[in-house]
Amino acid sequence: MGSIKGIACVFLLVPLILIVLPPLPLSAQNAVAPTTLSAELTRLEAVASSRTRNIDDRVNAFLALGNLYQLSGDSGSALKAYEGALTLSPNDGKALVAMAQFLISIGEHDKADAALSALLSRERDPSLAIQGQYLGALLSAFRSGNTRHLIAQADDPNFAAYHSGIYYTLWRITGLPLWEHRLVTEFPQSPEAKIALGDVRFPSTPLWLLFHGRAGVNVRDAAPQTQAQTQLSQPAVPAREANTGRLLQAGLFTQEANASALAQRLRSAGFEPLIIQRQVNGRNHFAVCVNSGTDVNAMLARLKSSGFDAFPLP
């Protein structure tokens with residue numbers, strides 16, 4: 001869901017040093033040298049392209065670049081950064097996770113599936129394997145509305161670190177109050193629960209969980225959106241569509257021409273698609289949707305049988 005909860009870092013501390021050295025003054029602990037986005041991008045690009053740096057440093061620099069480009073809304077540069085990391089180290093688990101998460105967030109489901117398959121076929125780090133399985137369950141839910149894997153993970157202690165995100169996604173996709181209740185009861189201080197309770201406003205989509213920067217959300221200080229901001233974060237659904245069923249997203253594109261091409265394919269297959277604008281990572285995208293009518297599962301099955309993957313929008 002942020003990004004989805006990141007990989008935990010283990011810091012090895014030497015007790016002797018902690019005993020001998022006094023703690024730094026608070027002002028020194030909090031001192032952070034200011035920098036600009038452009039300066040940090042330049043620094044990381046220098047590290048990533050340096051032939052004299054070791055592979056791990058360069059891979060980490062590419063991953064940091066991808067993160068920053070996503071935060072700044074530059075999906076094209078983010079993709080190139082993640083591709084750079086995987087070019088240097090094709091089997092790097094962290095790079096495969098970052099790539100899969102990014103691809104899911106922009107709707108490139110087939111490519112995300114390939115990255116996850118590569119990860120899960122060889123990853124030996126248990127935490128990365130679990131994260132890969134979680135992303136795979138999200139992908140299945142987003143592609144076809146199949147929540148079976150997420151439901152299984154919701155009661156699996158191995159996925160405890162992801163339970164708030166799992167509950168949130170299941171609530172948004174299925175609309176069942178059970179998942180909202182579990183979310184606000186078991187994780188009342190989580191960003192997802194704050195959204196469910198109306199304390200903060202963010203784009204109302206399960207894909208929000210994949211956005212980088214999620215872990216840094218300060219829910220206490222987050223200000224409510226203005227009406228204009230709320231309108232930007234919600235699909236512009238025509239009134240005649242809003243009350244006749246749920247919107248099923250069959251594709252998400254940065255280019256309107258690509259969205260129009262998919263819409264034409266859907267029309268040729270007997271569907272009535274519509275194209276709406278959605279905000280993803282701060283950028284406008286074009287979502288191709290089909291109204292479910294009164295039976296969401298029946299329409300999903302009909303789309304699937306016609307060769308289209310779709311998932312319900314909240």
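This section describes the salt bridges of a predicted model.

Side chains of opposite charge can pair when their charged atoms come close. A search of the whole structure finds 8 salt bridges.

Glu40 pairs with Arg43 in a salt bridge, with the closest N and O atoms 2.8 Å apart. Both residues sit in helix α3 (residues 37-49). They are 3 residues apart, so about one helical turn separates them. Glu40 is partly exposed, at a relative accessible area of 22%. Arg43 is also partly exposed, and its relative accessible area is 45%.

Asp57 and Arg53 form another salt bridge. Here the closest N and O atoms lie 3.8 Å apart. Asp57 has a relative accessible area of 29% and is partly exposed. Arg53 is partly exposed too, with a value of 38%.

A further salt bridge joins the side chains of Arg182 and Asp155, at 3.0 Å from N to O. Arg182 belongs to helix α11 (residues 177-186), whereas Asp155 lies in the loop between α9 (148-154) and α10 (163-174). The pair therefore ties together parts that are 27 residues apart in sequence.

How values were computed. Residues numbered from 1 in each chain as written. Predicted model: local features only at pLDDT ≥ 70, side-chain atom pairs only at ≥ 80, totals over all residues. Heavy atoms only, no water. Salt bridge = Lys/Arg side-chain N within 4 Å of Asp/Glu carboxyl O. Helix = DSSP H or I, 4+ residues; strand = E, 2+ residues; numbered from the N terminus. Buried < 20%, exposed > 50% of the residue type's maximum accessible area, 1.4 Å probe, protein only.
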